Amino acid sequence: QHDVQEFSRVLCDSLEEKMKGTKVDGMIAQLFKGKLENFIECINVDYKSTKYETFYDLPLVVKGCANLHESFKQYMEVETL
């Protein structure tokens with residue numbers, strides 16, 4: 001999985017570099033860049049934290065999932081620590 005993610009990142013970086021100064025400058029980010037919100041709320045103490053991160057890919061687990069929607073739903077599940 002890491003090889004695929006690394007290849008994707010290198011490919012996108014290379015395409016972005018080649019596209020600079022052209023009419024499609026910034027198109028890779030426009031097409032593939034997203035924003036992820038990480039939210040932490042403590043149960044036993046009064047503490048909340050929100051952090052935003054940009055991403056170009058999501059590490060979805062597909063093994064054991066019937067389809068992409070199920071995989072994405074699993075990714076978005078609330079995790080209790």
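Analyst: A polar contact is a pair of N or O atoms within 3.5 Å, where, within protein, one must be able to donate a hydrogen and the other to accept it, and residues adjacent in sequence count only if both atoms are side-chain atoms. This is a predicted model, in which local features need pLDDT of at least 70 and side-chain atom pairs count only at pLDDT 80 or more, while totals for chains, interfaces and linings use all residues. Residues are numbered from 1 along each chain as its sequence is written, and side-chain values use heavy atoms, with hydrogens and water left out.

Helix H3 covers residues 68–75 and includes Ser 71; helices here are DSSP runs of H or I with at least four residues, numbered from the N terminus. A polar atom of the Ser 71 side chain lies 2.6 Å from the backbone oxygen of Val 61. With contact meaning heavy atoms within 4.5 Å, and neighbours within four places in sequence left aside, Ser 71 touches Leu 60, Val 61, Val 62 and Cys 65. Ser 71 counts as buried because its relative accessibility is 1%, where buried means under 20% relative accessible area, exposed over 50% and partly exposed in between (1.4 Å probe, protein chains only). Cys 65, at 17%, is buried as well.

Helix H3 also carries Phe 72 and Tyr 75, three residues and so about one helical turn apart. Their ring centres are 6.5 Å apart and their planes at 25 degrees, so the pair is stacked, given that rings of Phe, Tyr and Trp (its six-membered ring) pair if their centres lie within 6.5 Å, and that planes under 30 degrees apart count as stacked, over 60 as edge-to-face and the rest as tilted. Phe 72 is partly exposed at 39%, and Tyr 75 is partly exposed at 27%.

Note on methods:
Helix = DSSP H or I, 4+ residues; strand = E, 2+ residues; numbered from the N terminus.
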